[in-house]
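Please look over the sequence and the model below before reading on.

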Amino acid sequence: MTTATAPHRLWRNTRYLTWLVSDTSKGLASALSGFAIPLLALIVTDDPAQAGIIAGAGLVARLLTTLVGGVLADRHRRVVLMLIGSLLGIALAAAFTLLAGADALTFAALFTINLLLAARSGLFDVAGESALKELVPDDAMGRAQAANQGRDAALQLAGGPLGGVLLGVGGWLVGLVMTLCHLIAAGTAWVLVRGGSRTTRENGDAQTDARRVAPEHAADAAGDPGFRSGVHELGEAFRWLLSRPDLGGVLAITTIVNLGFNAAITTTIYALQQAGHSELLIGALSAGVGAVMLVGAVIAPLLVPRIGAGILTITALAVVAVATVVLSWVVEPWAIIAVLGTAVLLVPALNAGMMGYFMVATPSHLLGRANSAAGVLGMGAMPLGPLIAGFGLAWVGRQNTILVCAALCAIAVVLAIGNRALRALPVEARWAEHARRYEA
């Protein structure tokens, strides 16, 4: 006899909550390193161009290793990869702490540690992102992504001031807190690994909490003669992604707006530091933006079920483009916070809609590689952001550099308006039905 099942209650899903603690701890460590290393590079070198080189090289390393991370995530248990990544994070954060305590953070040391931290993220963060589909059903994915957006906003809200306070004491304290964060991430990942073979019952629904290696790749993981090269597996993901008008066509737009807006923010931060503002004030700016994003994350669950993901995306991109133009004219910290806050208000709803639809539309066995392919295609130009900021400040100044960034954002808006597949993306309740239209 068929019985109706109750809606999935996300906050009673203990496996999801454990994953959230692990991913949040890792995210805080990344937020601290992302805040501290660029500022330490500026302090050590007193050269925005050299700071841009350090940040840009880290982004390149992350993008390249993300491709390998996608293959790993589809071949092996994703929660095990989460644990391994956290253990490596402990080692790297501890090394950063020792270097900072010994006053040995030279340009070469910062370049190397940032490269290694970025490579760790690329290799193992994809597994953590992909594991979410194994812990949350499709009918709760939009709410899970909205919750993640709120979490990310809270990290930004806390990460800036916390990073500023810690860095005011010394880089060693930043490293120590990063190490503690990775320890928490490793401990909770271990709980997921140990519970992976159990089947639990939540809200009356029987579900397996952690998926083993996808059947399609079981032979690969076991070293069977049917092993396919990583390059071939990545090619499969890229071909699948680019063959989907509802997904592939959006990536060029994402690439352009990510480059423009992130380069504008980096330019603003570099300019504030060069003007003599303290790390604490720069952290407060990040907190102000995070506070607005937290508000945006609160309203995101109200917007995603009611407004099509395509319309939300176009609207949010237009707001970002206009705000970036205004940013080029304001220099006072309070005005910068107001402008950037306006720019990011709708970003959590945009991300919840696009990322939620992506998770629903992508088959589980392909999700790791599809995530890495989308990340590379959507963020492939981001390593240019710190370089644009650093060399732009040195060559043409703050205002002209941000206006170049604003032009990139405006191009993304024009492309989004002209993209029929993007405009057609529906509200959350119709994601699964809409995605099936594009299945072969």
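How many helices and strands does the secondary structure of the chain come to? The chain has 18 helices and two strands. Here helices (H or I, at least four residues) and strands (E, at least two) are DSSP runs, numbered from the N terminus. The model is predicted, so local features need pLDDT of at least 70 and side-chain atom pairs count only at pLDDT 80 or more, while totals for chains, interfaces and linings use all residues. Residues are numbered from 1 along each chain as its sequence is written, and side-chain values use heavy atoms, with hydrogens and water left out.

Start with the chain as a whole. Of its 440 residues, 57% count as buried. Buried means under 20% relative accessible area, exposed means over 50%, and partly exposed lies in between (1.4 Å probe, protein chains only). Contacts, meaning heavy atoms within 4.5 Å, can also be sorted by distance along the sequence. Among those in the chain with a separation of 6 or more, 86% are between residues 24 or more positions apart.

Next comes the interior. In soluble globular proteins, nonpolar side chains tend to be buried together. A nonpolar core is a set of buried Ala, Val, Leu, Ile, Met, Phe, Trp, Tyr and Cys residues joined through side-chain atoms within 4.5 Å. The largest such core here has 115 residues, and Tyr16, Trp19 and Val136 touch the most other members. Helix H1 (residues 14-45) gives the most to this core, with 13 residues. Apart from neighbours within four places in sequence, Val136 is in contact with Leu10, Tyr16, Met141 and Ala144.

Asp46 lies in the loop between H1 and helix H2 (48-75). Its phi is near 55 degrees, a positive value in a residue other than glycine. Asp46 is exposed, with a relative accessible area of 57%. Further along, helix H3 (residues 78-101) has 24 residues and reaches 34 Å from its first C-alpha to its last, close to the expected 34 Å. The expected span of a helix is 1.5 Å times one less than its number of residues. In the loop between H3 and helix H4 (107-135) is Asp103. The phi of Asp103 is positive, near 55 degrees, and at 72% relative accessibility Asp103 counts as exposed.

Now consider how helices pack. Two packed helices are described by the angle between their axes and the distance between the axes. Axes are lines fitted to C-alpha atoms, for helices over the stretch in contact, and angles run from 0 to 180 degrees between N-to-C directions. The axes of helix H11 (residues 309-327) and helix H13 (residues 347-361) come within 9 Å and cross at roughly 145 degrees. On the H11 side the contact is made by Ala309, Leu312, Thr313, Ala316, Leu317 and Val320, which meet Val347, Ala349, Leu350, Gly353 and Met354 in H13. These residues divide into nine nonpolar, two polar and no charged. In this scheme Ala, Val, Leu, Ile, Met, Phe, Trp, Tyr, Cys and Pro count as nonpolar, Asp, Glu, Lys and Arg as charged, and the others, Gly among them, as polar. H13 is mostly covered, with 13 of its 15 residues buried.

A second pair is helix H15 (residues 384-395) and H16, whose axes come within 8 Å and cross at roughly 145 degrees. Ile388, Ala389, Gly392 and Leu393 of H15 make the contact with Arg398, Thr401 and Cys405 of H16. By class, the contact has four nonpolar, two polar and one charged residues.

Is Ala416, with its relative accessible area of 0%, buried or exposed? Ala416 is buried, and lies in helix H16 (residues 398-417). Not counting residues up to four places away in sequence, Ala416 touches Ile253, Ile314, Leu317, Leu422 and Arg423. Gln273, in helix H9 (residues 248-274), is buried as well, with a relative accessible area of 17%. The C-alpha atoms of Gln273 and Leu39 are separated by 7.8 Å, although these residues are 234 apart along the chain. Finally, Thr66 in helix H2 is buried at 10%, and touches Gly122, Val126 and Ser372, leaving out residues up to four places away in sequence.
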